[in-house]
Amino acid sequence: MRDSGKIAILIALLIGLSLVLVLPGLTPENYEFFLGQRLPKLLAIIVTGGAIGYSAVLFQTVTHNRILTPATLGFDAMYLLIQAALFFFLGGASFLVADRNANFLVSVVVMVVLALFLLRTVFGRSGHDLVFVVLVGTIFGQLFRTLAYFLLMIISPSEFTSLQNKMFASFSNINTNIVLIAMVMCIAAAGWLLRDMRKFDVAGLGREQSVSLGVDHDALVKRTFIVSAILVSAATALVGPIAFLGLMVANLAREIATSYRHTVITAISVLLSSVMLLAGQLAVERYMNFGTTVTVLINFVGGVYFVILLLRGNRL
Amino acid sequence: MIEVRDISKIYSSVTVLDGVSFRIADRSITSFVGPNGAGKTTLLGIISRLIKPDGGEVLLDEKSISEYGGSDLAKRISILKQSNFVNMRLTVRELIGFGRFPHSGGRLTGEDKDMVERAVEYLDLAEMAEKDINELSGGQRQRAFIGMIVAQDTDHILLDEPLNSLDMRHSVEMMRILRRLTDELKKTVVLVLHDINFAARYSDRMVALKNGKVAALGSVDEVVREDVLASVFDVPLEIREIDGKKICIYY
């Protein structure tokens, strides 16, 4: 099948699933209320999927591997820590915590700064030693997450769980307040890298070969880190961290695409990622009676796929 | 012409290159030889702007390479590193097409396609042009990458240990291709070689490095001498002439 056909099928699936999630039970009397509830949720899920699918592919390309995604490196945990730190140091009533949009914008800025810091320290020094970077990422991710919970615990031990639910978004608590601003930001960030798509094709040959072919590889890596920080911030702010989604969709997209072109691979990854989240949401809502969450479901499927990748001895 | 002027490189207090200066003759093959850790690969990396020097500069036609724009330099100097592992599904022809990136930015014009076909033919890759590069053997893949560099059409070609992990047949084949690039296409080839005999047989000029300094440089006859090589490599050796070609025996 041609790549354009695959993309068309994914678009059809995306639209189909969206309709199945939004339409049921709508009547001329209640549609305003239900659509007002369901559309922001739907939009949030699609934006999240797209953000994760987009950043994972490009991140893997510039770091020349198939297991490293922003999530593996602890980007999403970093976002949680920023949230907890803002709450801890400024208090829950402060503008930067209480106002969802302001909170999101500040967090994104801090994320970008931290991502660039991470790039300079971890990647700069180790000379892209993959195992080292993955280990550091795993440990830092764990550290950030634990620190975030720790800060919440200090603030109010008795209300820890409710605070956690209020602070951190999840699929049962989608942060629809910021969906518009997050969407605009994701589109702008992703659009910024569109003109670099052909450079990403070259970057797949490795740093040396791209420099030889006249691509400023270090600048491309930097832009990718900035955009990934923004996209992961948006995704984490909307529905919370989903560790294995990026890994899964980026690898599947590379397998599905016939072309090596990043325009094709990222398009497939973005669509596939949103389709998977929507399918997960549908399964949880309709067939599991909210007995589990989409995050658990996706991480289960993604985790199994990850093990398969390892067992198949794929060159990671 | 490439000129290396007073290049130094220090990695966390270890001096890898220490005031290295020389010129690389155009339209010839120049090999860098020397013991492990002499700084050969670092020097090649600096000439190709993969590594930034801590002192000195590299001049291309009297102008520092840091003053060239990325794609301008990519039309003049190409480099091939030893690890050619690629994480993508790519046919040989597509790989060679990447060589045209500095010229066309990834959108192949008719002229680019002609250049790609010429490179395919020049390296005798027509039969495997539609094959995935990850299905090729090491020697074939190396040839495909050389094809990319031929399509890139730079007047300077740098190679970092191109014979690494190649067997005898493919090593000879590789050196013959490089010889043809110099003799027929008038390219300037600079490479790092470990095998002194391959270097002596196929190079025009040699640069021997030791402890980050130039220990000897000149024509093959000037460098491949018992006293010179023995002090560069710190090993007793003997040089014999067989059919007018120098062979170094050090086993």
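Let's start with a charged pair: B:Asp112 and B:Arg100 form a salt bridge, and their closest N and O atoms are 2.8 Å apart. This pair ties together distant parts of the chain, twelve residues apart. B:Asp112 belongs to helix 5 (residues 110-122) of chain B, while B:Arg100 sits in the loop between helix 3 (92-98) and helix 4 (101-104). Are these two buried or exposed? Both B:Asp112 and B:Arg100 are buried. Keep in mind as you look around that this is a predicted model.

Searching the whole structure turns up 26 salt bridges over all chains. One of the others in chain B pairs B:Asp183 with B:Arg179, at 3.1 Å from N to O. Both residues lie in helix 7 (residues 168-183), four residues apart, which is about one turn of the helix. B:Arg179 has a relative accessible area of 19%, and buried means under 20%, so B:Arg179 counts as buried. B:Asp183, at 43%, is partly exposed. Some salt bridges share partners, and that joins A:Asp196, A:Lys199 and A:Arg223 into one network.

Over in chain A, the side chains of A:Arg286 and A:Glu285 also meet in a salt bridge, this time at 4.0 Å from N to O. A:Arg286 is partly exposed at 35% relative accessible area, and A:Glu285 is partly exposed too, at 22%.

## A serine tucked into a loop

Now find B:Ser203, in the loop between helix 8 (196-202) and strand 9 (205-210) of chain B. Its relative accessibility is 8%, so B:Ser203 counts as buried. What does the side chain of B:Ser203 join in a polar contact of 2.3 Å? The partner is the side chain of B:Ser31. The B:Ser203 side chain also reaches the backbone oxygen of B:Ala199, at 2.5 Å.

Leaving out residues up to four places away in sequence, B:Ser203 touches B:Ile29, B:Ser31, B:Arg179, B:Phe198 and B:Val220.

## Two domains in chain B

Chain B splits into domain 1 (1-76 + 156-161 + 187-251) and domain 2 (80-153). Taken over C-alpha atoms, their centres are 27 Å apart. Where the two meet, domain 1 gives eleven residues to the contact and domain 2 gives nine.

## A nonpolar patch on chain A

Chain A has a nonpolar surface patch of about 810 Å², with A:Phe88, A:Leu90, A:Phe140 and A:Ile155 among its residues. Helix 3 (75-90) and helix 6 (130-155) are the elements that give two or more residues to it. Helix 6 supplies the largest share, six residues. A:Leu90 is found in helix 3, and A:Leu90 is partly exposed, with a relative accessible area of 43%.

Definitions and conventions: Residues are numbered from 1 along each chain as its sequence is written. Chains are lettered from A and ligands numbered from 1 in the order in which they are written. This is a predicted model: local features need pLDDT of at least 70, side-chain atom pairs count only at pLDDT 80 or more; totals for chains, interfaces and linings use all residues. Side-chain values use heavy atoms; hydrogens and water are left out. Patches are made of residues with over 30% relative accessible area and no salt bridge: like charges are joined within 9 Å, nonpolar side chains (Val, Leu, Ile, Met, Phe, Trp, Tyr) within 5 Å. Accessible areas come from the Shrake-Rupley method with a 1.4 Å probe; for residues, only the protein chains shown count as cover. Buried means under 20% relative accessible area, exposed over 50%, partly exposed in between (1.4 Å probe, protein chains only). A polar contact is a pair of N or O atoms within 3.5 Å; within protein, one must be able to donate a hydrogen and the other to accept it, and residues adjacent in sequence count only if both atoms are side-chain atoms. Contact means heavy atoms within 4.5 Å. Domain bounds come from an automatic or database domain assignment.
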